[in-house]
Amino acid sequence: MKDRLTPLTIPSRKGRLAIVTGASSGIGRATARALGLAGADVVLAVRNPDKGEQVAEQLRAEHPEGTHTVARLDTADLEAVRTFADAYVGRRIDMLVLNAGIGGTRRREVTPQNHELVMATNYFGHFVLTALLVDSLRAASRARVVTLGSIAARAGRLRFDDLDLERRWSRAQAYANSKLAMIMFARELQRHSTAGDWGLNAHAAHPGWAVTGMMPGGDRGVPQLLGGATRVMQSAGDGAQPVVFCAASRQAAAGGYYGPIGMFGVAGPVGRAPLPRQARSAAALTALWQATEKVTGVEFPR
Ligand SMILES: NC(=O)c1ccc[n+]([C@@H]2O[C@H](COP(=O)([O-])OP(=O)(O)OC[C@H]3O[C@@H](n4cnc5c(N)ncnc54)[C@H](OP(=O)(O)O)[C@@H]3O)[C@@H](O)[C@H]2O)c1
């Protein structure tokens, strides 16, 4: 699908290091492309390095002004997250885009650490990754952390004593909860950064409804399967605009949630997105942070 929006204008990111998780497809690939075009050194953090290398080659061919390299990261496996993060000890990270995600599983599945797979892939792995990289983010000047939310987050209902949905699981609830958690994570991370003078800005972004590998039939099958619906959907490039805006624009407000502002938020140019109810409660933000530290066993610095 072709891009319809006017391309975003962002400042040069030359000499800046960006890590984009799940950059082998869809929104992550488009984000890595846009940041590379702005001159950033972009690490494609992917679970399948061969697929990542193919994407990196395409991006290098298209935009020689950025560098795109590939590193293995499986966000569903906290040991793999730790191995990935170890490589950045003592380095400076300017942009961390927490994009990797899955839409769901047919039945409840668990990870090597016994976490529910959708929550682990979309949220726990990213929470732990950020905690382990926080010193590298603090070493940069105003680093950005961007989490991926979704319109689906409105249906999220997080129970802080059952983040892994052991008591009652459904595919839709697991996805909605994971995306709500990502929005709440960005807001609470911003609060901690401000209180602790960490000097990093956190944002949440959602792509509206974009044609990517997450749609039925994948990014090639969607137009056939959904027919007229594709008229309201947008390309991965346009869907990535709120993410790129949060990662690089001077206009992005710290702690803000951004998404497309046209047609019920499914498409259009970037603007403020409405926050789901739980994400507006300061008590809920803190409760989620504490519960996540408890279930993952990884704490942010005090
Ligand atoms: N498309 C939309 O309309 C939409 C709407 C709302 C939110 N989002 C969010 O946008 C983000 C990107 O999704 P997308 O739409 O671009 O879908 P996509 O094309 O399927 O991309 C998902 C990416 O995440 C990667 N990934 C999945 N599990 C992983 C794991 N365990 N470790 C590391 N990487 C993993 C995938 O890797 P492989 O290439 O190896 O599969 C792929 O690169 C997600 O967080 C999603 O929730 C998308």
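Predicted model: local features only at pLDDT ≥ 70, side-chain atom pairs only at ≥ 80, totals over all residues.
The space taken by the ligand is the largest pocket of the model. Around the ligand stand 29 residues, of which S24, S25, K51, Y175 and T212 come nearest. Among the elements of secondary structure, the helices α1, spanning residues 26-37, and α5, spanning residues 171-196, each supply at least two residues of the shell.

For K51, which is among the residues that come nearest, a polar side-chain atom lies 2.6 Å from an oxygen atom of the ligand. The backbone contributes through T75, a polar backbone atom of which is 3.0 Å from a nitrogen atom of the ligand, and through G208, where a backbone N or O atom lies 3.5 Å from a ligand oxygen atom. Of the 890 Å² that the ligand exposes when taken alone, the protein buries 94%.

Attention may also be given to V110, which is placed in the loop that runs between strand β4 (95-98) and helix α4 (117-138). The relative accessibility of V110 is 41%, and this residue therefore counts as partly exposed, since that class lies between the limits of 20% for buried and 50% for exposed residues. Although V110 and D94 are separated by 16 residues in sequence, their C-alpha atoms are 32 Å apart in space.

Definitions and conventions: Residues numbered from 1 in each chain as written. Heavy atoms only, no water. Near = heavy atom within 4 Å. Polar contact = N/O pair within 3.5 Å; in protein donor to acceptor, adjacent residues only side chain to side chain. Areas by Shrake-Rupley, 256 points an atom, 1.4 Å probe, with all protein chains shown as cover. 1 Å grid on protein atoms, 1.4 Å probe; cavity = no way out; pocket = protein on both sides within 12 Å on 5 of 7 lines; lining within 4 Å. Sits in = over half its atoms within 2 Å of the grid points. Helix = DSSP H or I, 4+ residues; strand = E, 2+ residues; numbered from the N terminus. Buried < 20%, exposed > 50% of the residue type's maximum accessible area, 1.4 Å probe, protein only.
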